[in-house]
Amino acid sequence: MGSLILCHKKRAKHPYEITRIHKRIYTIEELCYYLCNNLYLIDYTIINEQLCRWIRDELELVSLAESLMEMLKNHVSVEQFVLYVLNDAKIYTQGELAHIQNVLEKLKNQKEVERQKYKADTLMESGELESAILVYMSIVNSERDDSVDKRFYGRVYACLASAYGRAFLYEESARMYEKAYKICEDSRMLEGYVYACYRYMPVDEYQKMISGNQIFLEVDNKLAEKIAREKEKISLKASPELLEEWKREYRRG
């Protein structure tokens with residue numbers, strides 16, 4: 001934003017808490033920032049009367065709160081509610097508001113299961129692995145939506161596998177990658193499966209698994225090369241520090 005923005009002075013004594021992501025909001029600017037950066041996460045858990053009362057009582061934006069309360073009574077869409085808040089705050093340009101409106105329109109046309117996946121993706125990116133896993137699990141365990149591409153559920157399984165992997169739950173990760181690969185037949189998912197097996201299986205069990213499968217052997221070789229390159233990068237980065245440490249040890253000796 002290139003123009004000068006006059007921020008509201010009022011800061012809430014009691015923050016508005018978004019418990020799902022452990023977020024506390026103190027100002028109208030923080031609320032707008034949250035809305036704009038979490039468009040896929042906006043639902044009844046934040047668009048409700050509690051938020052309206054907080055805006056009225058804590059921020060003392062009575063007119064805005066009353067308008068929003070009236071909008072809720074008239075069952076307006078989430079998109080209309082969000083745009084009204086952003087417009088009233090007057091901290092975004094018309095171009096930025098138009099972009100936000102376009103994103104909201106796109107979301108409105110998405111299927112619920114697609115919105116759910118994006119919620120999980122966003123939670124995982126923010127480090128909320130447990131919450132992300134729960135959302136991914138709710139997708140794969142619910143009744144399938146036949147209107148989405150078959151590979152969609154394979155991608156959900158792959159994301160779930162990645163979340164398990166980040167949580168060091170490699171056995172669960174391997175199971176999810178296996179399901180993902182059976183649906184999508186994507187080589188990256190196969191690599192994820194083999195790597196997860198490598199991380200949780202005893203050495204002899206892992207060697208037995210890959211020895212009888214030419215594809216697994218090829219993937220294992222690729223993974224070994226990748227790991228070697230990563231170790232080399234780490235070694236090169238650490239070399240100056242290690243050299244200094246060796247110099248200090250030599251001088252002390």
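The following exercises, with worked solutions, concern a predicted model.

Residues are numbered from 1 along each chain as its sequence is written. Local features need pLDDT of at least 70 and side-chain atom pairs count only at pLDDT 80 or more, while totals for chains, interfaces and linings use all residues.

**Exercise 1.** Determine whether Asp121 is buried or exposed, and state which residues it contacts.

*Solution.* Begin with the location: Asp121 belongs to helix H6, residues 112-125 (helices are DSSP runs of H or I, at least four residues, numbered from the N terminus). Its relative accessibility is 16%. Buried means under 20% relative accessible area, exposed over 50%, and partly exposed in between, with a 1.4 Å probe and protein chains only. Asp121 therefore counts as buried. Beyond neighbours within four places in sequence, Asp121 contacts Tyr136 and Cys159 (contact means heavy atoms within 4.5 Å).

**Exercise 2.** Classify the aromatic pair of Tyr193 and Phe216.

*Solution.* The structure holds 7 aromatic pairs. Rings of Phe, Tyr and Trp (its six-membered ring) pair if their centres lie within 6.5 Å; planes under 30 degrees apart count as stacked, over 60 as edge-to-face and the rest as tilted. For Tyr193 and Phe216, the centres are 5.9 Å apart and the planes at 45°, so the pair is tilted. The pair links distant parts of the chain, with Tyr193 in helix H10 and Phe216 in helix H12, 23 residues apart. Tyr193 is buried, at 13% relative accessible area; Phe216 is buried, also at 13%.

Technical notes: Heavy atoms only, no water. Helix = DSSP H or I, 4+ residues; strand = E, 2+ residues; numbered from the N terminus.
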